[in-house]
Amino acid sequence: MKRFWLIVVTGSLVALAGCHSFKKENIQPPTPLAKDFKPTVQVARVWKERVGHGAGVSGVRMEPTVVDGVLYAASTDGVIAALDPNTGKTIWENKSRTHGWFGWGDKKRKDAFYAGGPAVAGDLLVIGTLDGHVYGLSSKDGTQRWVATLPSEVIDSPTINNALVMVRTQDGRVYGLDSNTGERRWVNDQGSVPLLSLRGNGSLLATNGVVFFGSDDGKLLALREDNGDKLWEQKLATGEGRTDIERMNDADGGVVLDGSTLYASAYHGNLTAVDGPSGRPLWARPFSTYTSMALSGNSLFGVNTDSQVWAFDKSSGADMWKNDDLKYRWLTAPAVQADYIVVGDIEGYVHWLQTGDGALAGRERLSKKAIRAQPIVANGLVYIEDVEGHIAAYRLGAK
């Protein structure tokens, strides 16, 4: 089915930032950063490297991952690499030598327009492409093990669990593939998806024999992991509005799990706490976002569609604080590093906010390019990637 995607953050907005035409295009310009800002936390960049050309103009979020002491990253121009997360030194790099959309290049992976980012479990690395392929590679050296062909783009990271690779495609389907061969074990087809949709998907969450994810029509769904059958669904948004854009209600953020409680949110919808086993809603409050939430202690942190950073009480959804200092800077999803929330913005800046009250505490600039992917925190470091494949690691210290 033909679909139309709205890229909310980069793509058109990055181009607008370059030609200073926010006013002309009726788009709010990023809030200027305070020139007299005085950081209250010391931030040190540990290393900076580049993997390919990142997401480029594809509109996808290219996100690295850190597994078993190795950082893995990929780019839409066919580069995939493993780095030492402490130094940034390349352990191995594999290039598909793809040069265009017409099929020349590497005969094995001639369409390797990697998207979303890799998933790794043991010695298996899995990644999808914009041309609807899923590759199973060796996590030790990047050599190919198998390839699966699907009918639509795979623009988010796969999920690996219990000898099964689970993948979501842009046509609304979720697939279960054999992790040893790539053979299709099951497929869940939602039947129909909205004609107008945000370009993006939240990651699949697989746990306790169940797969959870948010849909393009504003629902939280639970599937059986063994056969893909639907267990339950819960609405996160109503899809009401006068225009097609107002009726968009994608649930494009990842699902957060805390004990047996799930937290999920939707564009033009609600932030909702749901009992995982039953699908019963525990509480819901209005909160429009197209990014994932972050959880730390008793607090949930999120960035709304105006790039205001919020903190909520996880037990009730009550407001704890809101920060407007970065409004319209088109922030990434938040991550938590020690006692700070980390977000990237459209101009390549990385910001640290205090978890207790939301006050800005630190600022660094990765590059002059937009940051779309959620920061990744591992082993005391936070890893940030921009849309052109620049990746940096930052450490916090006392001020």
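Analyst: The model is predicted. Tyr-72 has a relative accessible area of 5%, and because buried means under 20%, Tyr-72 counts as buried. Trp-92 is likewise buried, at 8% relative accessibility.

User: How is a pair of aromatic rings described, and which geometry do Tyr-72 and Trp-92 adopt?

Analyst: A pair of aromatic rings is described by the distance of the centres and the angle of the planes. The structure holds 11 aromatic pairs. Among them, Tyr-72 and Trp-92 form a tilted pair, 6.5 Å centre to centre with 55° between the planes. This pair links distant parts of the chain: Tyr-72 lies in strand β4 (residues 70–74) and Trp-92 in strand β6 (residues 90–95), 20 residues apart. Trp-310 and Phe-312, by contrast, are stacked, with 5.6 Å between centres and 15° between planes. Both of these residues are buried, and ring pairs join Trp-310 and Phe-312 with Phe-287 in a cluster.

User: Which strands pair with β29?

Analyst: Strand β28 (residues 335–337) runs antiparallel to β29, joined by 3 bridges, with Gln-337 partnering Tyr-340. Strand β30 (residues 349–354) is also antiparallel to β29, through 5 bridges; there, Gly-344 is the bridge partner of Val-350. The hairpin of β29 and β30 has 4 residues between the strands, and Gly-348 in the turn has a positive phi of about 85°.

Notes:
Residues numbered from 1 in each chain as written. Predicted model: local features only at pLDDT ≥ 70, side-chain atom pairs only at ≥ 80, totals over all residues. Heavy atoms only, no water. Pairing = 2+ DSSP bridges. Helix = DSSP H or I, 4+ residues; strand = E, 2+ residues; numbered from the N terminus. Phe/Tyr/Trp six-rings, centres within 6.5 Å; stacked < 30°, edge-to-face > 60°. Buried < 20%, exposed > 50% of the residue type's maximum accessible area, 1.4 Å probe, protein only.
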